[in-house]
Amino acid sequence: MLKWMTCSLSLVAALLLVACGGAAGSAAPTVAPAAEAAPTETAADLSAVKDYARDNSRQMKAGTVALAETAAAYYELVAAHNFDYAAAWAADGPALAQLVADAKTQWTTAHTSYELDEGIIAGVPSLTFYDVWIDAGPSAEDDPTGAYEWTLELPDGRRLPSPGNIFHSLLEPIIWGTRTEFVGLPVDLDGDGTTALGEVLPEANVLLAAAQSMDGATGEMLATVENWQPTLSDAFTALAVMIPTMNEYFEQWKLSTYVAEDAQETAFVGVSRLFDINGILTGLDFTYGNLATLVQTTDPALHAQIADGFTDLRSYVGDLYQQEQNGVRFTAAQADLFGGEAQAKATALAGQVSQAAALLNVTIAE
């Protein structure tokens, strides 16, 4: 289940009515003026939460700018060979290999910055739209009734209606070549005599269109974050909505190339899903850290439980990721077990956060 499905049905329905700059006849959402802050908000450092979201969004934008420039250079080089990928590889193999390597690095840079922000972007109602468009929404092929309606327009005139989110439905499969329709030519990029996962020349038209769309979407998201005036309800809603999403992330990890022997999943190949979970929890932990004084003043014992819960959950996921980095390859059964344990920890933590919100008379948006 995708992240955006953690929201209520009413929120999802509302999101699908929102239009974005990348779709024909659409406009980006606006952020409503913040209500007057409740007296208790003065004890929470919400400006730090906004600064965190804004700074990561800016770093993401730097990555998407670089990726769009790389995609344009790649497109021009392939176009010079009339989109004959074999001829382009024979004539300009080293240059193409470097451009593909650069694209992978730039995708990873942008994606890492987004994951640090995702707990906030996906959890705050006025920002959630961007998570659907950029990182989590399904394609019409995968979900005909629930897909966000937008169109990717390619330089050669082709149009891809409702193609899904830009990070994982488009750019990742394009750059790593996990969908055959996005592959120009499989090649031995590293010169080791074999063609492994990720060794492809991407189809230049779709790479350029997706990279430019990502840069445009990120720019719109950044502008919205810069205008955002966070409230206690925003902060507590993000925590309550996004903490208890471990099952879906671990399921995606289980189906990815990092666990499955014969993975059919076309996304989550650039970096391990465990890395993504660490990023999301980092942002959520930071958010709670700026509410901590407020909670601690109201109920010191509850604050201690929440702080310990974050430490426990982050350590649990971080240890699994470190083992994976050290060469351990977990099985699908282990992934299910770990996902269940992480979900139990997350559910308990989210319950404590919701209890704190209730004590403070803070509304968690449904």
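The legends below describe close-up views of a predicted model.

Residues are numbered from 1 along each chain as its sequence is written, and side-chain values use heavy atoms, without hydrogens or water. Local features need pLDDT of at least 70 and side-chain atom pairs pLDDT 80 or more, whereas totals for chains, interfaces and linings use all residues.

**View 1. The whole chain and its confidence.** The chain holds twelve helices and four strands, taken as DSSP runs (helices H or I, at least four residues; strands E, at least two) numbered from the N terminus. Of its 366 residues, 52% are buried (under 20% relative accessible area, 1.4 Å probe, protein chains only). Among contacts (heavy atoms within 4.5 Å) with a separation of 6 or more, 74% join residues 24 or more positions apart. Average pLDDT (the predictor's confidence in each residue, from 0 to 100) is 90, and 88% of the residues score at least 70. Over residues 1–39 pLDDT stays under 50; the model has 79 contacts beyond four places in sequence for this stretch.

**View 2. Helix H5 (residues 166–176) and its surroundings.** Eleven of the eleven residues of H5 are buried, so the helix is largely enclosed by the rest of the structure. Among these buried residues are Phe 167, His 168, Glu 172 and Trp 176. They pack against helix H2 (46–79), H3, helix H4 (128–136), strand S1 (151–153), strand S4 (200–202) and helix H6 (204–227). At the start of H5, a side-chain oxygen of Asn 165 comes within 3.4 Å of the backbone nitrogen of Phe 167. Gly 177 follows H5 and has a positive phi, near 70 degrees.

**View 3. The packing of helix H3 (residues 85–123) with helix H7 (residues 232–242).** The axes of H3 and H7 lie 8 Å apart, at an angle of about 105 degrees (lines fitted to C-alpha atoms over the stretch in contact; angles from 0 to 180 degrees between N-to-C directions). The two helices are therefore roughly perpendicular (65 to 115 degrees). H3 contributes Glu 118, Gly 119, Ile 120, Ala 122 and Gly 123 to the contact, and H7 contributes Thr 237, Ala 238 and Met 242.

**View 4. Helix H8 (residues 246–255), mostly covered.** Seven of the ten residues of H8 are buried: Met 246, Glu 248, Tyr 249, Phe 250, Gln 252, Trp 253 and Lys 254. The packing partners of these buried residues are H3, H7, helix H9 (273–289), helix H11 (300–325) and helix H12 (332–359).

Technical notes:
Angles under 35 degrees count as roughly parallel, over 145 as roughly antiparallel, 65 to 115 as roughly perpendicular and the rest as oblique. Buried means under 20% relative accessible area, exposed over 50%, partly exposed in between (1.4 Å probe, protein chains only). A polar contact is a pair of N or O atoms within 3.5 Å; within protein, one must be able to donate a hydrogen and the other to accept it, and residues adjacent in sequence count only if both atoms are side-chain atoms.
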